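The following exercises are to be worked through with the sequence and the model in view. Each task is followed by a solution in steps.

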Amino acid sequence: MAAIELRGVTKRYGASGLRKSNGVTALRDVDLRVEDGEIFGFLGPNGAGKSTTIDVLLDYLAPTAGSVRVLGHDVPEESVRVRERTGVLPDGHGPIGERTGREHVEFAIEAKGADDDPDELLGRVGMLGPEEYPVAQYSKGMTQRLLLAMALAGEPDLLILDEPTTGLDPNGAREMREIIREENARGATVFFSSHILEQVEAVCDRVAILDRGEIVTVDSIENLRERAGGTATVTLEVANHDETAVERVRAVDGVVSVRVESPANTVSAGRVAAAAGKRAGGENEQRPSSSQRTDSAEPTDGAGRGDGAERSDGDAGKPARVVVTCEARAKAAAIATIHDCVPVTDVAIEETPLEDLFAAFTEGVA
Ligand SMILES: Nc1ncnc2c1ncn2[C@@H]1O[C@H](COP(=O)(O)OP(=O)(O)OP(=O)(O)O)[C@@H](O)[C@H]1O
């Protein structure tokens with residue numbers, strides 16, 4: 001079953017909108033289906049229409065055209081039922097005033113007709129302690145934690161989180177992701193809206209990219225990388241240098257280049273010169289990337305870039321580092337090919353930076 005289904009949804013802000021309008025079309029013929037049990041990322045640059053979509057899902061705004069169903073209920077016909085079954089962390093609407101954090105959580109529990117223990121919810125989001133302060137004294141990060149506690153009240157079937165990591169430090173963002181996973185494991189569908197790809201990548205099964213009110217694509221981030229033609233650099237630490245492994249990985253479809261280094265990244269002067277000569281003609285073949293390193297292997301410094309830096313057969317049998325540059329789609333096959341030939345002690349993957357990937361779709365390059 002679909003947890004969320006939008007069909008042909010258009011939203012035009014007209015003269016009767018809340019703000020003074022100059023006729024903005026915030027959503028244009030949007031079709032979107034989020035399956036029950038998914039953690040779904042909803043991505044888009046500022047002004048793409050993400051908050052408008054959420055307001056339409058919750059019947060805070062009526063679409064100009066199209067139909068909306070949430071958790072099997074028609075919106076707006078059954079929007080009360082939708083809100084009863086949905087926990088929302090809104091963007092930019094923090095609680096204000098002299099009420100304490102605990103009072104806000106108690107209110108959220110009561111509004112859902114639930115019997116949660118407020119301390120348990122506050123403890124889950126790391127807010128036991130400050131819960132007795134008026135929310136007016138809360139920092140942005142504390143407010144986000146409190147809003148999450150309120151959204152969790154009543155074990156909602158759907159969690160709608162609008163820029164939930166705003167104001168959180170890296171630790172807070174990680175805790176937020178853990179709670180998202182726990183809620184999903186309990187059975188909740190999670191709709192995670194953000195303009196930051198990194199935030200959703202760690203938890204989402206699939207993402208939709210919205211740009212200027214239109215859905216540009218819906219896919220897994222892995223598939224988006226492949227479709228955008230992203231590159232990957234896979235660095236494998238192997239127990240012993242094996243020329244057969246190198247030859248085999250070179251033959252894998254999508255592999256662009258392979259080089260072998262000693263783990264200390266030392267190459268002879270002659271080889272450095274040869275590599276430098278190759279580099280002069282191909283400096284841009286490999287884009288620097290930062291986002292996907294998976295271990296502590298040293299980044300390569302470029303001294304051995306290109307096949308000219310390979311170790312000689314005299315190095316056979318010694319520990320080595322195999323650096324494979326390939327199309328993103330080929331990285332799993334490259335790793336498996338090396339793995340089949342020699343023991344692999346460590347793997348690091350660098351991929352096209354996420355912001356480049358995002359830009360490729362929103363600028364219509366991919
Ligand atoms: N009440 C309104 N009246 C008129 N225009 C509006 C209104 N609300 C939003 N808009 C416009 O609709 C478009 C989509 O806005 P929306 O807030 O949904 O985008 P968003 O993706 O959530 O952006 P952000 O990431 O900055 O929060 C923008 O051009 C915005 O200026």
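**Exercise 1.** Is Asp29 buried, partly exposed or exposed?

*Solution.* The structure is a predicted model, in which local features need pLDDT of at least 70, side-chain atom pairs count only at pLDDT 80 or more, and totals for chains, interfaces and linings use all residues. Residues are numbered from 1 along each chain as its sequence is written.

Step 1. A residue is buried if 20 or more other C-beta atoms, placed from the backbone, lie within 10 Å of its own, exposed if 12 or fewer, and partly exposed in between.
Step 2. Asp29 has 15 other C-beta atoms within 10 Å and is therefore partly exposed.
Step 3. Asp29 belongs to strand β2 (residues 24-35); strands (E, at least two residues) and helices (H or I, at least four) are DSSP runs numbered from the N terminus.
Step 4. The phi of Asp29 is positive, near 50°, although the residue is not glycine. Most residues other than glycine have a negative phi, and most peptide bonds are trans.

**Exercise 2.** Where is Leu71 placed, and is Leu71 buried or exposed?

*Solution.* Step 1. Leu71 lies in the loop between β4 (65-70) and β5.
Step 2. Because 21 other C-beta atoms lie within 10 Å, Leu71 is buried.
Step 3. Leu71, which is not a glycine, has a positive phi of about 50°.
Step 4. In the loop between β5 (73-75) and α2 (79-84) lies Pro76. A cis peptide bond, with omega about 15°, links Val75 to Pro76.

**Exercise 3.** Describe how helices α3 and α5 are arranged.

*Solution.* Step 1. The axes of α3 (residues 101-111) and α5 (residues 140-152) come within 8 Å and cross at roughly 25°. Axes are lines fitted to C-alpha atoms, for helices over the stretch in contact, and angles run from 0 to 180 degrees between N-to-C directions.
Step 2. The two helices α3 and α5 are therefore roughly parallel; angles under 35 degrees count as roughly parallel, over 145 as roughly antiparallel, 65 to 115 as roughly perpendicular and the rest as oblique.
Step 3. On the α3 side, Gly101, His104, Val105 and Ala108 make the contact, and on the α5 side Leu146, Ala149 and Met150. Two residues are in contact if their C-beta atoms, placed from the backbone, lie within 7 Å.
Step 4. Sorted by class, this contact of α3 with α5 has five nonpolar, two polar and no charged residues. Ala, Val, Leu, Ile, Met, Phe, Trp, Tyr, Cys and Pro count as nonpolar, Asp, Glu, Lys and Arg as charged, and the others, Gly among them, as polar.

**Exercise 4.** Describe the pair α9 and α11 in the same terms.

*Solution.* Step 1. The axes of α9 (residues 243-250) and α11 (residues 331-341) come within 9 Å and cross at roughly 155°.
Step 2. For this reason α9 is roughly antiparallel to α11.
Step 3. Thr244, Ala245, Arg248 and Val249 of α9 meet Ala334, Thr337, Ile338 and Cys341 of α11.
Step 4. By class, the contact of α9 with α11 has five nonpolar, two polar and one charged residues.

**Exercise 5.** How many residues of domain 1 are in contact with domain 2?

*Solution.* Step 1. The domain assignment gives domain 1 (2-227) and domain 2 (231-362); such bounds come from an automatic or database assignment.
Step 2. Eleven residues of domain 1 are in contact with eleven residues of domain 2.
Step 3. On the side of domain 1 that touches domain 2, at least two residues each come from α7 (197-201), β9 (206-211), β10 (214-219) and α8 (221-227).
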